[in-house]
Amino acid sequence: MSFWNKERFSPSQIIILGYVLLILCGTGLLMLPWAARDGVGAGPGDALFTATSAITVTGLVVHDTMRYWSPFGQAVILLLIQMGGLGVISMAVAVAVLSGQKIGFRMRWVMQESISAPQLAGIVRLTSFIFRTVLAVELAGAALLALRFCPERGLAQGLWMALFHAVSAFCNAGFDLMGENAPFSSLTAYGTDPLVCFVVMLLITAGGIGFLTLDDIRSHGRQLRRYRLQSKLILLLSAVLTFSGFLFFFFCEFLRESWHMSAPQAALAALFQSVSPRTAGFNSVDLAALSPLSQLVTILLMLVGAAPGSTGGGFKVTTLAVLLLCLMSIFLHRRDVRGFGRRLPDMALRRASGIFMFYLLLFLVGGMLLCAFDGLPPMTAFFESASAIGTVGLSLGATPHLSDASRAVLILLMYFGRVGSLTVLFAVSSGMRQDAFRYPSEDVAVG
């Protein structure tokens, strides 16, 4: 624990360095000869890309996970996914607790930063709740998926697949072991299977709404008035995004004759396509067959992402909620930005605006670089860029064929998307001198 107590590191810098160290360790393990089925091992570029994708719980791959990686390599990927989903600092606290070490004030401060907790009090208790919740939810999901996979693939292989996909779904990673019949097929073979689709969607949702929201649900149940404002915004906007996405995909995409789906099949596909782009990365249909408008809607859902303090990425639903509340206050000529009987501080508005612009800039620059380096069509390039910065993992099939330069762009996007824009900005600005004065104010016309 001495490394984490170095006072020269700020919490943001510790988080960033922790992810870098895990990515490098994962890269080394995946380069071992027995990590790949060919007995040679992956090259540094492929290993780095896969380790980054796993640690950042993205799911973009350059090789089909089932066909290329050995059982050892798959286990390494699963371990990286679990550590990335829980967060570096959460894992460090868990190790400290299990080893009987005392959690000091500085470590609690770093933990608060890593899971976006509103206060320092109760942070160790919250960490304990997080691990118990993760264990219970993932085991329950694995047990349900085993009901489908074990009869099809045998007990040992079925249990492994059930556990792998339960962890991958709860951590919003999107890695799959379905490439035995067709590479990069994800869950398309189970697109009409209600059991697999609903279990995966529930796991994605549980991991994506955030541990603080799960703590509110556990503590207060149906007493919604006692929930944190953050939890209320997350639940409301997540429901709105899921329902509106479902309506769009159902009526505008999957009821088209080209899909040859019945109404129940179209409803299941629409619901899955509405849930999964929120940083999960599984697909139950061929994404390349979606209409350009549906691909655009998928890009927007990927950029929004999940909730803060969750296993997912994106610029977060709370950021979108704050911006929408700000827009509403402008339309209603209110002096303050309000929501659920509470006034939002000005700092929340500034952070939401900064996060939105940071992600939008990375998304646009990343897409343009992919177009420049590999000559991808703009829709394909921006789809891959949104998938990386949102740590989603959905792809139109371009990722395995990208050049090293484009893969480097995606690696950086996945990394920044997982650690968070504020963490990066705070890490860079840490130690800078704070101005002790304020300039005179002057209004600027906007709009």
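Reply: A salt bridge is a side-chain nitrogen of Lys or Arg within 4 Å of a carboxyl oxygen of Asp or Glu. Please keep in mind that this is a predicted model.

Me: How many salt bridges does the structure hold?
Reply: The structure holds 7 salt bridges. One of them joins the side chains of Arg153 and Glu180, at 2.8 Å from N to O.

Me: Which parts does the pair of Arg153 and Glu180 tie together?
Reply: Arg153 belongs to helix H7 (residues 123-153), while Glu180 sits in the loop between helix H8 (155-170) and H9, so the pair links parts that are 27 residues apart in sequence. Arg153 is partly exposed, with a relative accessible area of 21%. Glu180 is also partly exposed, at 47%.

Me: And where do Asp215 and Arg228 lie?
Reply: Asp215 is in helix H10 (residues 211-220) and Arg228 is in the loop between H10 and H11, so this pair ties together parts 13 residues apart in sequence. Their side chains meet in a salt bridge of 3.5 Å, N to O.

Me: Asp215, buried or exposed?
Reply: Asp215 is buried, because its relative accessible area is 3% and the cut-off for buried is under 20%. Arg228, at 27% relative accessibility, counts as partly exposed.

Me: What about Glu253 and Arg256?
Reply: The side chains of Glu253 and Arg256 form a salt bridge of 2.6 Å, N to O. Glu253 is buried, at 0% relative accessibility, whereas Arg256 is partly exposed, at 32%.

Me: Let us step back. What does the secondary structure come to?
Reply: The protein has 18 helices and 2 strands. Of its 447 residues, 55% are buried. Among contacts between residues at least 6 apart in sequence, 69% join residues at least 24 apart.

Me: How much accessible surface is there, and what share belongs to carbon and sulfur atoms?
Reply: The accessible surface comes to about 20,500 Å², and carbon and sulfur atoms account for 66% of that.

Me: Where is there a nonpolar surface patch?
Reply: Leu324, Leu327, Met328, Ile330, Phe331 and Leu332 make a nonpolar patch of about 600 Å². Leu324 is located in helix H14 (residues 317-331) and is partly exposed, with a relative accessible area of 41%.

Me: On to the rings. How many aromatic pairs are there?
Reply: The count comes to 15 aromatic pairs. One of these is the stacked pair of Phe246 and Phe250, 5.7 Å centre to centre with 15° between the planes.

Me: Why are Phe246 and Phe250 separated by about one helical turn?
Reply: They are 4 residues apart in helix H11 (residues 229-254), which means a separation of about one helical turn. An α-helix has 3.6 residues a turn, so residues three or four places apart point the same way. Phe246 and Phe250 are both buried.

Me: And how are Phe249 and Phe254 arranged?
Reply: Phe249 and Phe254 form a tilted pair, 6.4 Å centre to centre and 35° between the planes. Both Phe249 and Phe254 are buried. Phe248, Phe249, Phe254 and Trp259 form one aromatic cluster.

Me: Next, the helices themselves. What span should helix H15 have?
Reply: At 1.5 Å a residue, the 29 residues of helix H15 (residues 346-374) should span 42 Å, and the end C-alpha atoms are 42 Å apart, which agrees. The buried residues of H15 include Leu349, Phe358, Tyr359 and Gly366.

Me: What follows H15?
Reply: Gly375 follows H15, and its phi is positive, near 65°. Helix H17 (residues 404-419) is followed by Gly420, which has a positive phi near 95°.

Key
Residues are numbered from 1 along each chain as its sequence is written. This is a predicted model: local features need pLDDT of at least 70, side-chain atom pairs count only at pLDDT 80 or more; totals for chains, interfaces and linings use all residues. Side-chain values use heavy atoms; hydrogens and water are left out. Patches are made of residues with over 30% relative accessible area and no salt bridge: like charges are joined within 9 Å, nonpolar side chains (Val, Leu, Ile, Met, Phe, Trp, Tyr) within 5 Å. Accessible areas come from the Shrake-Rupley method with a 1.4 Å probe; for residues, only the protein chains shown count as cover. Buried means under 20% relative accessible area, exposed over 50%, partly exposed in between (1.4 Å probe, protein chains only). Rings of Phe, Tyr and Trp (its six-membered ring) pair if their centres lie within 6.5 Å; planes under 30 degrees apart count as stacked, over 60 as edge-to-face and the rest as tilted. Contact means heavy atoms within 4.5 Å. The expected span of a helix is 1.5 Å times one less than its number of residues.
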